[in-house]
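Have the model open while you read.

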Amino acid sequence: MDFTKLSLVSPTLTSSTWSRADRWGAVRVRSSIGRNHYQLAPGLYKLGKPGSDSDVFVSANYKLSFDILRRELKGLDAWILVLQTYGVNVWCAAGKGTFGTDEIIRQIKDTGLGSYVSHKRLIVPQLGAPGVSAHKVKKSSGFSVKFGPVRAEDIKDYIAAGYKKDELTRSVQFNFKDRILLAPVEVMNSLKYLILALIFFGLLSGIHRGGYSFPLILEEGPIAIIFLLTAYLTGAVFTPALLPWLPFRHFGGKGLIAGFLTSGLMILLIAPGSQAFGMIAWLLISGAVSSFLAMNFTGASTYTGLSGVRKEMRFFVPLQIALTVIGITLLIISKLN
Amino acid sequence: MDSQIYLKNVSTLEYDSSLCIGCKMCVEVCPHNVFRMVDKKSEIIDRDKCMECGACEINCSPGALKVKQGVGCAAAVISGFFKGTEPNCDCGTNTNCC
Ligand code: SF4
Ligand code: SF4
C-alpha cells in the first residue's frame with residue numbers, strides 16, 4: 001500500500017493513483033466479500049504536498065470512500081481527515097451518527113489539525129450531513145463546515161466554481177449504473193433465505209399421494225430450483241435494474257409484478273400444460289419471493305424514507321406471507337392429487 | 001425526476017417558517033432538493049421527495065425544521081422488529097444499506 005497513517009508530528013504521503021491492490025479491493029468490496037474489515041486508520045493524511053492554506057477534506061475510514069476521494073483529488077495538494085466510522089461508508093455512518101459532529105470535533109483535536117493549517121475550513125461530503133451539524137462543529141472547534149458535492153467526481157468542479165454547488169451536484173442520483181453496481185450486494189445479502197427456501201421446497205417435492213419418496217426429490221426438485229432462482233434474481237437484480245419502469249411506487253409491488261411476469265414466462269417455457277395447481281402455486285410463491293427481495297432493496301435505494309418503508313411493509317409483508325402459504329398449500333394439494 | 005419520488009404524504013418533515021433565519025443550510029444539505037430560498041426564507045418545494053435523512057434538521061440552527069430521522073430500509077425494519085429496537089443500519093454485518 002502506498003500510504004500510511006499520518007502521525008501527529010510528521011504526516012506521510014498518500015498517492016492519488018490506485019495501485020493494483022486497491023483496484024482488486026474495490027471489486028471485492030462491491031461484491032460484499034469481506035467488506036467488514038476494509039478499513040484504514042483514522043487520522044490526518046496528506047495528499048501531495050499540502051501547505052497551511054490547503055483544503056481539508058473529511059472522509060470515512062471505509063477504504064473505498066477514501067480511495068475514491070483521493071483518486072478524484074488527483075493533482076491537488078490537500079489534507080484528508082479520516083474519521084473513525086468502523087469501516088462504514090459516509091452515508092450509512094452519518095445515519096448512525098458515527099460519521100458525526102462529535103467524531104469530527106474529536107479528530108480535529110486529536111490530530112492537532114489546527115497546527116497544520118492556518119485557515120478554519122473543512123470540506124465534508126454532503127452525504128455526511130445527516131450526522132454532522134455544521135453550527136455545532138463551529139461552536140466547539142472553530143472550524144466551519146462546508147458541505148461539498150454528493151459525488152466525489154464533482155469535487156474539482158465544485159472547487160473551480162468557488163466552492164459552490166448547483167441543483168445537480170447536490171442531489172443524489174439513482175441511475176441504472178448505481179442500481180446495477182448494487183446488484184451483487186443484493187444477491188449476496190439474502191443468500192441465506194435462498195438456501196433455506198431451496199432446502200424446504202426440495203424436501204417438499206418428495207411428497208406424493210402414496211407418501212414420501214426420495215427419488216422424487218431428484219425428479220421434481222429441479223423445478224423448484226428453477227422457479228426459486230428465477231424469482232430470487234427477479235427480486236434482487238431485475239427489479240432494481242428496471243425500477244423506474246415497473247408499475248407502483250411501492251418496491252414490494254414492483255417486485256410482485258416482476259415476479260409474476262418472470263414466473264409466468266417460465267411456466268410457458270418449461271411446463272406448458274402441466275398440472276394447473278402446481279403452476280399457480282409457483283406463480284404465487286415466485287411473486288412473494290420477488291416482492292420480498294425487491295422490498296429489501298429499499299435499503300439500497302437512495303430515496304426511500306423510513307415512514308414510507310414502514311407503510312409499504314404493513315401491506316406487503318402480510319401479502320407475501322399469504323401468497324406463500326396459499327402457494328405451499330396448492331403445491332401440496334397438487335402433489336397429493 | 002418523478003421516478004425519485006417514493007410514497008406520497010408519508011414524510012414526517014415539518015417546517016416552521018417563523019423561525020427561519022435564511023441561512024440556506026437546508027438547501028445545501030438536502031440530497032433531494034426539497035427546499036429553495038424565496039425572499040430570504042426557506043420554502044418546501046416538494047415534501048414527497050424527502051427521505052427523512054435528518055440532515056436539514058440537525059443543520060438548522062434555529063430549529064425551524066423537524067423530521068423523524070430513520071433508515072428507509074426494509075431489512076433494518078425487520079431486524080429492528082425482532083430485536084425490539086428502532087430500525088438501524090447495521091452495515092457492519094450484512095445489510096444492504098451501503
Ligand atoms: S436551515 Fe433552517 S434557518 Fe436555515 S434556511 Fe433552512 S429553514 Fe431557514
Ligand atoms: S430529511 Fe433529508 S431528504 Fe428530507 S428534507 Fe431534510 S435533508 Fe431533505
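Between chain B and chain A there is one salt bridge. This is a predicted model. The bridge joins the side chains of B:Glu28 and A:Lys165, with an N to O distance of 3.6 Å.

Across the interface of chain B and chain A, 19 residue pairs are in polar contact, both residues being at pLDDT 80 or more.

Which elements give two or more residues to the side of chain B that touches chain A? They are helix H1 (25-29), helix H2 (55-59) and helix H3 (74-83) of chain B. That side of chain B holds 26 nonpolar, 16 polar and seven charged residues.

The interface can be set out briefly.

| Item | Value |
|---|---|
| Residues from chain B in the contact | 49 residues |
| Residues from chain A in the contact | 53 residues |
| Area buried between chain B and chain A | about 4300 Å² |
| Part of that area from carbon and sulfur atoms | 54% |

Now to helix H4 of chain A, residues 101-111. Which of its residues are buried? They are A:Thr101, A:Glu103, A:Ile104, A:Ile105, A:Gln107, A:Ile108 and A:Thr111.

What covers these buried residues of H4(A)? The cover includes four strands of chain A: S2 (43-47), S3 (56-60), S4 (78-83) and S5 (121-124). Helix H5 (134-141) of chain A is also part of the cover.

After H4(A) comes A:Gly112. The phi of A:Gly112 is positive, near 65 degrees.

Methods: Residues numbered from 1 in each chain as written. Chains lettered and ligands numbered in written order. Predicted model: local features only at pLDDT ≥ 70, side-chain atom pairs only at ≥ 80, totals over all residues. Heavy atoms only, no water. Buried < 20%, exposed > 50% of the residue type's maximum accessible area, 1.4 Å probe, protein only. Contact = heavy atoms within 4.5 Å. Buried area = accessible area lost by both parts, 1.4 Å probe. Salt bridge = Lys/Arg side-chain N within 4 Å of Asp/Glu carboxyl O. Polar contact = N/O pair within 3.5 Å; in protein donor to acceptor, adjacent residues only side chain to side chain. Nonpolar A, V, L, I, M, F, W, Y, C, P; charged D, E, K, R; others polar.
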